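This report describes selected local features of a predicted model. The sequence and structure are shown first.

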Amino acid sequence: MLRIYNTLTGKKEPFEPLVPKTVRMYVCGVTVYDYCHIGHARSALVFDVIRRYLEHSGYCVEFVKNFTDVDDKIIKRANEQGVSCDQITAKFIQAYHDDMGKLGVRPASIEPKATEHMAEIVRLTETLIAKGLAYQVNGDVYFAVPQYSGYGRLSKRRLDDLQAGARVDVDERKRDPMDFALWKSAKPGEPAWPSPWGQGRPGWHIECSAMSMKHLGETFDIHGGGMDLIFPHHENEIAQSCGATGKEFARYWIHNGFVQINKEKMSKSLGNFFTIRDIFEKSEWSEEVTGEILRYFLLSTHYHGPLDFSDQALREAKQALDGFYDLFNRLSEAGQGSPDTDGDLQLAIGFAKRTFNIGMDDDFSTPVALAAFQQLRGEINTLIRKGISTEVMKEAREEFRSLGKVFGLFQLDRWQFNLPMRKNVGGEVGFSSDLEVQKMVDERTAAKKAKDFKRADEIRKFLASQGIIIEDKPDGTSRWKR
RNA sequence: GGCGCCGUACCCAAGUGGUAAGGGAGCAGUCUGCAAAACUGCGAUGCGGCGGUUCGAACCCGCCCGGCGCCUCCA
């Protein structure tokens, strides 16, 4: 039974979708005015894995993730660069898809844009005005927070507290300092759409209410995003949506923790961020391998907690993956088993599968699931020394592939992970032909057999300088990897 | 000031009432011509601190301390 920590209640709760076997989830995407950093990657990956696990558990998942493509920051960026907002958003939507593709994050079922939902946004705003929850001042429309009784339910804030601590300059047009814009009248040169209140554009929060309700219905199962969205964004979404429909909005609210640098939040304003493409560019590993390293790193901590980004953390993730792919390498070789050891391996696989599911059912505990993989790795290594049959070894490799699919891990073939892992420095092809390597490895095997250890060590040293590591097998032959 | 998240071994990190998972590093072994990989053994009488509830608490309650964050755009 899946249990999810729900920000709304502050508790872990059993998950029961509104419609059996179907999950409808909405996740706040990004504002497309710049490249994504590793913090965006975490959020995207976390919800991608949640979606995959729900599917793995037999649910049909309708997954909506939006692009905010009308916003102050976009306008500012467009003005700075002397281009249109459309050019900015098109560029960064493309960049988003590129980056997420490298990370192995699947596109959502629907990826709606705010600019394509103006009719819904206007209609929702009209409804709120009709219900007395919003008011018009000149060409602007504001949500009247004091008129909505449930305000603060998600972020656990009381209106009084908020006003006391408010450090925003108050807009005189607002009736209450907490009121927020549903519709902003257009200033000259800004993108604008027609509305009953004149030319203008939507406020930030209304688009998510409009788009989620359009694509998933007035009440749906899961709404997610980063923890910084709890207030005010999600609080405002609830006010708008529940205010308009009088119904429950999202039932389970999931929020992921931040990626930090030296215990500080990674953010644009602090300037301590690494973009996804920076990391891929700087990586000494191939794109596939770098993507997998990032996934392993990002999933090594529970989604709710903070996660410190560092070179060391990345190195540790790489090292962990090496352990798995080294095992897969061994599993691809021929083996000899006995009913005992083959049976033990089957048991170990079954145990790992159960642990994986127990972990993931407990609020998507990816670290527990990863630990299950690690434990299985150790058990298989032990059994390989005792001897297991080729068939069961293949089966074990397939189990890793199949369970790993939920995390997007362990999908690479031997040649992808173990061979072209290091990028060629300076465009030099270097010593990269498998045949050449194998020839030298064979020569070394012969030298070893002839007890010419000097020559054998020379060859190994040379190959090592080319980034190739040799592992001698008990039978006198050797396997190698890059 | 209000609210939230986090605080577990040298490092990373699970566990949320029944007596501290997992990984890395380190040390000592096995294997090896030497390596590499792999395997075996060793590590918190204690889970930020102090009280309380309980037969029993890292886990529940209260207070406190520390780190981070939200209350202005932010995954």
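Which residue caps the N-terminal end of H2? The cap is aspartate 71, a side-chain oxygen of which lies 2.6 Å from the backbone nitrogen of lysine 73.

## Helix H2 and its two faces

Helix H2 spans residues 72-81. Its buried residues are Ile74, Ile75, Arg77 and Ala78. Viewed down the helix axis, these buried residues fall within an arc of 165°, so they line one face of H2. An α-helix has 3.6 residues a turn, so residues three or four places apart point the same way.

The face of H2 turned away from the buried side carries Lys76, Asn79 and Glu80, which are exposed. The cover over the buried residues includes strands S3 (22-31) and S8 (200-202), together with S4 and helix H3 (85-103). After H2 comes glycine 82, with a positive phi near 65°.

## Aspartate 69

The loop between strand S4 (60-68) and helix H2 contains aspartate 69. This residue is buried but has no salt bridge. Lysine 113 provides the nearest side chain of opposite charge, at 5.9 Å, whereas a salt bridge requires a separation within 4 Å.

The side chain of aspartate 69 does reach a backbone group: the nitrogen of alanine 114, at 3.2 Å. Leaving aside residues up to four places away in sequence, aspartate 69 touches Val32, Ile74, Thr89, Lys113, Ala114 and Thr115.

## The loop between H11 and H12

Helix H11 (339-361) and helix H12 (366-386) are separated by a loop that contains aspartate 363. Phenylalanine 364 is placed in that loop as well. Aspartate 363 has a positive phi of about 55°, although it is not a glycine. For phenylalanine 364, phi is near 55°, again a positive value in a residue other than glycine.

Phenylalanine 231 and proline 232 are joined by a cis peptide bond, for which omega is about 0°. Proline 232 lies in helix H7, which comprises residues 230-245.

Conventions
Residues are numbered from 1 along each chain as its sequence is written. Chains are lettered from A and ligands numbered from 1 in the order in which they are written. This is a predicted model: local features need pLDDT of at least 70, side-chain atom pairs count only at pLDDT 80 or more; totals for chains, interfaces and linings use all residues. Side-chain values use heavy atoms; hydrogens and water are left out. Helices (H or I, at least four residues) and strands (E, at least two) are DSSP runs, numbered from the N terminus. Buried means under 20% relative accessible area, exposed over 50%, partly exposed in between (1.4 Å probe, protein chains only). Lys and Arg count as positive and Asp and Glu as negative; His and the chain ends are not counted. A polar contact is a pair of N or O atoms within 3.5 Å; within protein, one must be able to donate a hydrogen and the other to accept it, and residues adjacent in sequence count only if both atoms are side-chain atoms. Contact means heavy atoms within 4.5 Å. The arc is that of the directions from the helix axis to the C-beta atoms.
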